[in-house]
Amino acid sequence: MARYHIETYGCTSNRGESREIERRLRDAGHHRVEGVEEADVAILNTCTVVEKTERNMLRRAQELTDEIADLYVTGCMALAQGEEFREADVDAEVLHWDEVPEAVTNGECPTPTPDAEPILDGVVGILPIARGCMSNCSYCITKQATGRVESPPVEENVEKARALVHAGAKEIRITGQDTGVYGWDTGERKLPELLERICTEIEGDFRVRVGMANPGGIHGIREELAEVFAAHDELYNFLHAPVQSGSDEVLEEMRRQHRVEQYVEIVETFDDHLSEWTLSTDFIVGFPTEDDEDHEMSMALLRETRPEKVNVTRFSKRPGTDAADMKGLGGTLKKERSKEMSAAKRDIVGEAYESMVGTERDVLVTEHGTGDSVKCYDSAYRQVIVQNADEHGLEPGDFATVEVTGHQTMYAFGEPL
């Protein structure tokens, strides 16, 4: 679990995005500290309204890199002028705001607190379905805090989901340290059953997004899981399966419970069942035993499976973990590998959103965006921004059909029909 320091500059929209970042970090068990000197990671949410502001953002980013090892830069300047930070040699990950929470975890699993209960945030309901995991990754400190998986009965989670829908939730986000192993502690694999029952037993118009599921947990249920996704429009066609490396040798050193072939088989299974879906994954670059060939294997796997959402994290040691005792790689090498993978990721994601232009999409409005805009998601959980929302009478919770008119790499623009 990380201690984070966050600084936000600019408009109300930036402040709203920082609140969402913090909410997700808290849900994952991380803790905010006020001073960067007490933090493990720092987050800089930037503004770029005038040239003076740009200079101030670059200066503050450089100051933070001198004070902390891991810096994540997001916000308007990061999106519009991310290259400025790279050209200034700022040692930071430049990310879209909704990539920040996953990046902060350093490849670790989210960590719901022991008393985690469903939360309604606007029209989004957060449903923690279990606590703990079945893994023992060598780099992850989370397991020390949570232990093995503890799974409440399916009926209990269905009732919690029903309560969220009755309270106004239009999107249910199923969360857990590893949703794929839900039920393993009782000797059963219950995620497909839970999803099936939520979709068939709860009345109302809503969507369901399944949170992170490790490949080792879902490989054995991949056919059943993909069939449930294909059968129910309520489920976003979205799967977050963190592979972490394209090298089996590195995966073994990480003590991951899967190998590359299993991850690829999961992707192929979903390809077989779904005509359009979004694969999300994570890569840790610069693990202590990762050599050049291992890194090239990760790059090849990225290009082969073409995930549309990728969290690229430079390895950093967590105290008390086995990987902390390994001789680490140099910061410059990790930075170079991270830059290479991040550039390839942007190309893949940009191509995916470019392919949407000119198509019609059924979307759910989930929240207000910058100015008079709203953020929406299509059936594959691709983000679509609709501007001039008041003119179209769109509010969070509404369903709409839009034509995609353009994109900016990480999201598309849509015009209501």
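# Strand β7 and its surroundings

In this predicted model, β7 pairs with strand β8, residues 171-175, in the parallel sense over five bridges. Within that pairing, the bridge partner of Gly125 is Ile172 in β8. β7 also pairs with strand β6, which covers residues 119-121; here the sense is antiparallel and there are three bridges. Asp121 stands opposite Val124 of β7. The hairpin formed by β6 and β7 has two residues between the strands, and in it Gly122 takes a positive phi near 70 degrees.

The side chains of β7 can be sorted by direction. Val124, Ile126 and Pro128 point one way from the strand, while Gly125 and Leu127 point the other way, and all of them are buried. Because five of the five residues of β7 are buried, the strand is largely enclosed by the rest of the structure.

Tyr139 lies in the loop between β7 (124-128) and α6 (142-146). The model holds eight aromatic pairs. One of them joins Tyr139 and Phe287, with 6.5 Å from centre to centre and 80 degrees between the planes, an edge-to-face arrangement. This pair links distant parts of the chain, as Phe287 sits in the loop between β11 (278-285) and α13 (292-305), 148 residues apart from Tyr139. Tyr139 and Phe287 are both buried. The pair of Tyr377 and Tyr381 has another geometry: the ring centres are 4.1 Å apart and the planes are at 10 degrees, so this pair is stacked. Both Tyr377 and Tyr381 are buried as well. These two tyrosines also belong to a cluster, in which ring pairs link them with Tyr236 and Phe238.

Five strands form it in the order β13-β14-β15-β17-β16, with mixed pairing. Neighbouring strands of this sheet are turned against each other by 55 degrees on average, direction ignored. Val402 has Pro416 in β17 as its bridge partner.

Another strand to look at is β4, residues 70-75, where Asp70 is found. Is Asp70 buried or exposed? Its relative accessible area is 16%, and a residue under 20% is classed as buried, so Asp70 is buried. Leaving out residues up to four places away in sequence, Asp70 touches Asp40, Val41, Ala42 and Ser316.

The cysteines remain. How many disulfides does the model contain? The count comes to zero. For Cys47, the closest cysteine sulfur is that of Cys76; the two sulfur atoms are 6.0 Å apart, which is too far for a bond. A disulfide would need the sulfur atoms to be within 2.5 Å. Cys47 has a relative accessible area of 13% and is therefore buried. Cys199 also counts as buried, because its relative accessibility is 7%.

Definitions and conventions:
Residues are numbered from 1 along each chain as its sequence is written. Side-chain values use heavy atoms; hydrogens and water are left out. Helices (H or I, at least four residues) and strands (E, at least two) are DSSP runs, numbered from the N terminus. Buried means under 20% relative accessible area, exposed over 50%, partly exposed in between (1.4 Å probe, protein chains only). Contact means heavy atoms within 4.5 Å. Two strands pair if DSSP finds at least two bridges between them. Axes are lines fitted to C-alpha atoms, for helices over the stretch in contact, and angles run from 0 to 180 degrees between N-to-C directions. Rings of Phe, Tyr and Trp (its six-membered ring) pair if their centres lie within 6.5 Å; planes under 30 degrees apart count as stacked, over 60 as edge-to-face and the rest as tilted.
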